[in-house]
Amino acid sequence: MGAVFIDLRKAFDTISHSVLINKLPSFGVMNDELEWMIDYLFNRNQKVELNKQESDVFKLLTGVPQGSILGPLLFIMFFDDFQDCIKNCNVIKYADDTVIYFAGKTVEDIEFKLNEDLTLISEYFHLNDLIINLGKGKTEAMMFGTGQKLNKKRSLELIYEGEVINFTKSYKYLGCMIDSTLSLNQFFQNGYKSASNRLKLLSKLRPFLTREACYKVYNTMILPLLTHNSLIMLQITRTQQTCLTSIENRANAIINSGSINHDFLKIQSTIFCIKKNACCVVRKCIDDALCSNFKDYFELFEHNFNTRNNFKMIRLPKLRLEFGRKSFYYSGSKLYNELPLNIRTAESYSEFKKLLKEHFN
């Protein structure tokens, strides 16, 4: 599979007011609401002040006001029709972070389809006054597959308006370092390194803080670095688990420095936090409390026999490859099915979360 991670240059600042106003009626913004939006966008001015010296006043002809609730919403509405210009690829959008990807049997087929859509994207960007950033680390291409297959294949040669798009083996997307084999080793190492550095800083500050303050600092500033992507952290290796254990041991030693044994304050298990967060996501999927992408994501097992587990367990998919067993679809299902029956049968999400916390604690 081949993908292109698209980065827009100053996306929120280059939105054409006139183009945006023409798109708003398709979202039901008309009449008085449209006039209000015109008044909100047009006739805005800006100036720069430095050392009590002011520049001339310039009229803003593009861009949406940032720092407001409407800013991101207006950009999403402006960019909503992007996928309509795509012919071959699938699209993932999150605000101005966009990915197009295509799965094919040969590099040549993937390359042709991506290049064809990049031509269409160029036309769309010109019509909408958007500028793509082709700098290194911005807009880049990547191939996905097993290490063995990728070693036998050449890299993608993708062209955007006469310029070659940089090919990479890893890319930081929405704060997550993704590599071409989806092993996420680099993602784990980045999180582990950041957590370790913050733990060193906490060690230096320890003489000036109480144990309770240190405990809160660890839970709010260090632990989230290791657990914020629990869905993809379920299948970490034994070596990575050892790294997490070493972090926990160091944290316990720092927090409880100088404490007597009966007054020991033990931090939460990182693995248990990851599992707890993942189980919460599974329950939300079952309750249809997440976005449409997760609607009917898991299938509850149902049979004709009156047993306690009927419709209380998730049907595990049959997978041939080990790669599929590492997916959240499989590992999340398996983890949820291993929970005690009283947790899986909790009537509300709040009760489920409470019982889950007690179970992992």
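## Surface patch

Leu182, Leu321 and Phe323 together make up a nonpolar surface patch with about 320 Å² of accessible area. Such a patch joins nonpolar side chains (Val, Leu, Ile, Met, Phe, Trp, Tyr) within 5 Å, from residues with over 30% relative accessible area and no salt bridge, a salt bridge being a side-chain nitrogen of Lys or Arg within 4 Å of a carboxyl oxygen of Asp or Glu. Accessible areas follow the Shrake-Rupley method with a 1.4 Å probe. Phe323 belongs to helix α11; helices (H or I, at least four residues) and strands (E, at least two) are DSSP runs numbered from the N terminus.

## Basis of the model

The model is predicted: local features need pLDDT of at least 70, side-chain atom pairs count only at pLDDT 80 or more, and totals for chains, interfaces and linings use all residues. Residues are numbered from 1 along each chain as its sequence is written, and side-chain values use heavy atoms, with hydrogens and water left out.

## Largest pocket

The largest pocket holds about 2,000 Å³ of space. A pocket is an open set of points on a 1 Å grid over the protein atoms alone, with protein on both sides within 12 Å along at least five of seven lines; lining residues have an atom within 4 Å of a point. A volume is the space filled by probe spheres set on the points, which are joined across faces, edges and corners.

Its lining comprises 41 residues, with Ile178, Leu182, Leu184, Leu231 and Ile232 nearest the centre. Two or more lining residues come from each of β1 (2-7), β6 (90-94), β7 (97-102), β13 (176-179), α6, α8 (230-233) and α11 (322-325). By class, the lining of the largest pocket has 27 nonpolar, 11 polar and 3 charged residues; Ala, Val, Leu, Ile, Met, Phe, Trp, Tyr, Cys and Pro count as nonpolar, Asp, Glu, Lys and Arg as charged, and the others, Gly among them, as polar.

## Second largest pocket

The second largest pocket contains about 260 Å³ of space and is lined by 14 residues, of which Leu234, Gln235, Lys275, Ser331 and Leu335 lie nearest its centre. Helices α10 (270-286) and α12 (328-337) are the elements that give two or more residues to this lining, and α12 has the largest share, 4 residues. The lining divides into 7 nonpolar, 3 polar and 4 charged residues.

Terms used. 1 Å grid on protein atoms, 1.4 Å probe; cavity = no way out; pocket = protein on both sides within 12 Å on 5 of 7 lines; lining within 4 Å. Patch = residues over 30% accessible without salt bridge, like charges linked within 9 Å, V, L, I, M, F, W, Y side chains within 5 Å.
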